[in-house]
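Here is a short briefing on one protein model. Look over the sequence and the coordinates, then read the points below.

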Amino acid sequence: MGIKKSNKLPQAAVIKQILMRCSSLGKKQQGYDHDGLPLDVPKGHFVVYVGENRSRYIVPISFLSRPEFQSLLQRAEEEFGFDHDMGLTIPCEEVVFQSLTSMLR
């Protein structure tokens with residue numbers, strides 16, 4: 001009997017995939033630099049969309065290493081996957097997201 005391989009990517013690979021996906025959104029749209037990065041997002045940050053209205057939040061990349069934020073990313077992957085045109089969408093209420101991120105800062 002062989003060892004069953006997991007289909008899940010290692011954490012580092014998932015984080016890299018998220019960052020690559022976030023930075024590749026909207027490359028041909030106004031408001032993006034020549035590398036396809038949004039002009040209003042400071043270096044070391046990325047954009048997520050949260051809640052029913054898909055409100056846009058700019059969060060530090062350092063959040064990616066926090067277990068609390070990683071659980072949100074796992075929920076996002078399960079619900080939406082990471083390969084879609086809407087950007088990185090976090091499936092939780094805005095008030096919950098705001099509370100969590102205020103604790104992480």
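Helix H3 spans residues 94-104, and its buried residues are Phe97, Leu100, Thr101 and Leu104. Buried means under 20% relative accessible area, exposed over 50%, and partly exposed in between, with a 1.4 Å probe and protein chains only. These four cover an arc of only 95 degrees around the axis, so they sit on the same side of H3. The arc is taken from the directions that lead from the helix axis to the C-beta atoms. This is a predicted model: local features need pLDDT of at least 70, side-chain atom pairs count only at pLDDT 80 or more, and totals for chains, interfaces and linings use all residues. Residues are numbered from 1 along each chain as its sequence is written, and side-chain values use heavy atoms, with hydrogens and water left out.

- An α-helix has 3.6 residues a turn, so residues three or four places apart point the same way.
- The face of H3 turned away from the buried side carries the exposed residues Val95 and Met103.
- Cover for the buried residues of H3 includes strand S1 (45-50), strand S2 (55-60), helix H2 (67-79) and strand S3 (89-90).
- H3 lies across S1, S2 and S3 and runs at about 15 degrees to S2. Axes are lines fitted to C-alpha atoms, for helices over the stretch in contact, and angles run from 0 to 180 degrees between N-to-C directions.

**Phenylalanine 97**

- Phenylalanine 97 belongs to helix H3. Its relative accessible area is 1%, so Phe97 counts as buried.
- Leaving aside neighbours within four places in sequence, Phe97 is in contact with Val48, Val50, Tyr57, Val59, Phe69, Leu72, Ile90 and Cys92. Contact means heavy atoms within 4.5 Å.
- Phe97 and glycine 51 are 46 residues apart along the chain, and their C-alpha atoms are separated by 8.5 Å.

**Sheet**

- Three strands form an open sheet in the order S2-S1-S3, with mixed pairing. S2 and S3 are the edge strands, each pairing on one side only.
- Two strands pair if DSSP finds at least two bridges between them.
- S1 and S2 pair in the antiparallel sense over six bridges. Tyrosine 49 has arginine 56 in S2 as its bridge partner, and histidine 45 has proline 60 in S2.
- S1 and S2 form a hairpin with four residues between them. Glycine 51 in the turn has a positive phi of about 85 degrees.
- S1 and S3 pair in the parallel sense over two bridges. The bridge partner of valine 50 in S3 is isoleucine 90.

**Nonpolar core**

- The largest nonpolar core has 18 residues. Such a core is a set of buried Ala, Val, Leu, Ile, Met, Phe, Trp, Tyr and Cys residues joined through side-chain atoms within 4.5 Å.
- Val48, Val59, Phe69, Ile90 and Phe97 have the most contacts inside this core.
- S1, S2, H2 and H3 each supply at least two residues of the core. H2 gives the most, with four residues.
- Leaving aside neighbours within four places in sequence, isoleucine 90 is in contact with Val48, Tyr49, Val50, Gly51, Leu72, Leu73, Ala76 and Phe97.

**Whole chain and confidence**

- The protein chain has three helices and three strands, and from the N terminus on its elements run α-β-β-α-β-α. Helices (H or I, at least four residues) and strands (E, at least two) are DSSP runs, numbered from the N terminus.
- Of the 105 residues in the protein chain, 34% are buried.
- The chain averages a pLDDT of 77, and 63% of the residues score at least 70. pLDDT is the predictor's confidence in each residue, from 0 to 100.
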